[in-house]
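Here is a short briefing on one protein chain. Please look through the sequence and the model first, then read the points below.

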Amino acid sequence: MGYKVLQLKLPTYYSDDDIRLLIGKKLGLSDFSYQIAKKGLDARKKKDIHWLISIVVSSDKLSTDEYPEPKLFPIPYKKRDKTVIVIGSGPAGFFTAQVLQLAGFKVTIVERGSEVEQRSLAIQRLEERGEFSPQNNYAFGEGGAGTFSDGKLTSRSKHISSERLYILSEYVKAGAPKEISYMSHPHVGTDILKVVVTNLRQMFLKNGGVFLFNTMLEDVLIKNNRVEKVVCNNAELQADYIILATGHSAYETYRMLIRRGIQIGTKNFAIGHRIEHKQRFINMAQWGKESLPGVKAAEYRLNTTTSSGLPVYTFCMCPGGYVVPASAYPEKSVVNGMSYFMRDGIFSNAACVAGVHPDMLLGHTSTSSEILDWMDKLEGQFYNFSNNLVIPAVRAIDYINRSESNEISSGSYRPGVKPAPLYNMIPKIVSSALSEGLTNFSNKLKGFELGVMMGLESKTSSPVQVAREKTGRCPGFDNLYFVGEGSGFAGGIISSASDGVKCAISIINSC
Ligand SMILES: Cc1cc2nc3c(=O)[nH]c(=O)nc-3n(C[C@H](O)[C@H](O)[C@H](O)COP(=O)(O)OP(=O)(O)OC[C@H]3O[C@@H](n4cnc5c(N)ncnc54)[C@H](O)[C@@H]3O)c2cc1C
């Protein structure tokens, strides 16, 4: 069997027959099979928007090339008696647990929230009746923060290609569409992610893993450079390795760790709002037409640096998506975005944020506790705006001009919005940067200023970072590791999951 890699240019709406016809023409073959290796939309010229597809053709008639299959890293299995407790079942925690389990460790996952099925019901009650559940919300519960998300599976992290490949292949095994393994901007949406999280859990349990739901890490007992025990729901648990994968929303967990002497410092992060537009408007701006057969919805990613040197950018864009109340705690208000696999909602939203350092916000060299308190207070002030989930909003053009908007429709945000001078609700250094950024973005994407800025977006990245070694181990501890977004070294589903995989591999290699 021989193989040949071809680059094809195809219209946005094409069929399998079109691909076969093109391959046949290019290689003069009639008997062959093929596999898509990469697929991305080229929308640089509005009049010529097309797919660029990399295809691996295999046929007895071809004698060239080796099959260019990407290589996965090996996970060496052996019988081991070592035990591991992983705290948190988000992408980082789950994949650390899963890889260690496949290598023969006895793994328990401790998760403060419930199974994703129960969590879904709690989120439904939140959106429909405003009932907030402290352990099952957009931040907490099985699957972690990313479960009720747009499910973008892209990552800007470097040096994680084999981990990314592994994670995507596990997602496909657990029910995600195969296309995520070759799309240049893969995404699965909330509907598919819930299925994936359920199936991954079932495989983990089938392989002998233990899942403790509704169980919260409350304390760590330290003796002789080791976490001797973890206290969860008043019970003491013990293991050879303790992996923290608690995400960046678990403020009380951070505070407990700081009290116990785990070194956590401050770092750059971003803060701002969500901006929402009608999706057909974004399609028009990006494609020159309101819809494009064969493509779900147009995306954008914008960035600039302000005259004061602050980065301003859009982040985590959710085409055809919904703005959601994503606070981890009661009487706090934070927004984020999600979508379904079809991305067929009538709005699009994205974070529109300015990159800052905690010291800029606090006006002095700050500690991790201080920035967590500061964030808590700001999230509380946004909640106090309405004393319920209704969020403040303003048209982007009015944000730029610092004037209030008269009337604003709720858009996709179910609990509702109310016009307010949003630019006065966050520090001036941030709102001024955002005004400048919005002006710049309106020049790049025609009509961007007609969008609506909503609520507080404070969770694009962590403002704190744990001190840790390359392996993920906390210095001064023999058996304590911190992975994922909460560590401050990762952000996003793939990057956090990869961080977990890397930590697991380093533990496997060390014993
Ligand atoms: C609404 C929304 C949309 C998003 N969209 C995307 C997207 O499209 N693409 C993308 O790449 N990223 C997205 N993100 C970000 C992404 O979800 C996170 O970067 C990622 O989930 C971080 O993974 P993690 O495992 O490090 O932490 P998390 O996912 O935050 O998981 C932490 C887990 O630990 C549990 N936990 C916390 N404290 C304790 C404790 N004390 N005891 C026991 N358990 C505890 C939590 O319940 C949670 O399950 C989105 C986030 C949100 C909120």
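Start in strand 9, where Leu-237 is the bridge partner of Val-230. This is a predicted model, in which local features need pLDDT of at least 70, side-chain atom pairs count only at pLDDT 80 or more, and totals for chains, interfaces and linings use all residues. Residues are numbered from 1 along each chain as its sequence is written. Helices (H or I, at least four residues) and strands (E, at least two) are DSSP runs, numbered from the N terminus. Two strands count as paired if DSSP finds at least two bridges between them.

- Strand 8 (residues 226-232) pairs with strand 9 in the antiparallel sense, over three bridges.
- Strand 7 and strand 8 are also antiparallel, and six bridges pair them.
- Ile-222 has Val-227 of strand 8 as its bridge partner.
- Together, three strands make an open antiparallel sheet in the order 7-8-9.
- Strand 7 (217-223) and strand 9 (235-237) stand at the edges with a single partner strand each, so one side of each has no neighbour in the sheet.
- From one strand to the next, the twist averages 30°. Axes are lines fitted to C-alpha atoms, for helices over the stretch in contact, and angles run from 0 to 180 degrees between N-to-C directions.
- The hairpin of strand 7 and strand 8 has two residues between the strands, and Asn-224 takes a positive phi near 50° there.
- Strand 8 and strand 9 form a hairpin with two residues between them, and Asn-233 in its turn has a positive phi of about 45°.

- Seven strands form an open sheet with mixed pairing, in the order 13-14-17-12-20-18-19.
- Its edges are strand 13 (303-305) and strand 19 (417-419); each has a single partner strand, so one side of each is left without a neighbour in the sheet.
- Direction ignored, neighbouring strands of this sheet are turned by 30° against each other on average.
- Four bridges pair strand 12 (residues 269-278) with strand 20 (residues 452-457) in the antiparallel sense.
- Opposite Arg-274 stands Met-454 in strand 20.
- Helix 11 (residues 428-444) lies across strand 12, strand 13, strand 14 (311-318) and strand 17 (347-356). Helix 11 runs at about 130° to strand 17. Contact means that the C-beta atoms of two residues, placed from the backbone, lie within 7 Å.

- Strand 1 (residues 2-11) and strand 3 (residues 50-59) run antiparallel, joined by 10 bridges.
- Leu-10 has Trp-51 of strand 3 as its bridge partner.
- Strand 2 (residues 33-42) also runs antiparallel to strand 3, with nine bridges joining them.
- Gly-40 has Leu-52 of strand 3 as its bridge partner.

**Around the ligand**

- Which residues come nearest to the ligand? They are Gly-88, Gly-90, Gly-144, Gly-247 and Gly-484, out of 45 residues around it. A residue is near a molecule or strand if its C-beta atom, placed from the backbone, lies within 6 Å of it.
- Helix 2 (91-102), strand 16 (335-338) and helix 12 (493-509) are the elements that give two or more residues to this shell.
- The shell holds 19 nonpolar, 21 polar and five charged residues. Ala, Val, Leu, Ile, Met, Phe, Trp, Tyr, Cys and Pro count as nonpolar, Asp, Glu, Lys and Arg as charged, and the others, Gly among them, as polar.
- Domain 2 and domain 3 each supply at least three residues to the shell.

**The whole chain**

- The chain has 12 helices and 22 strands.
- Its radius of gyration is 24 Å, close to the 24 Å that the globule rule gives for 511 residues, so the chain is as compact as a globular protein of that length. This radius is taken over C-alpha atoms, and the rule is 2.2 Å times the number of residues to the power 0.38.
- Along the principal axes, the C-alpha atoms fill a box of roughly 70 × 65 × 40 Å.
- The chain divides into domain 1 (2-59), domain 2 (83-265 + 464-509) and domain 3 (268-361 + 383-457). These bounds come from an automatic or database domain assignment.
- The centres of domain 1 and domain 2, taken over C-alpha atoms, are separated by 38 Å.
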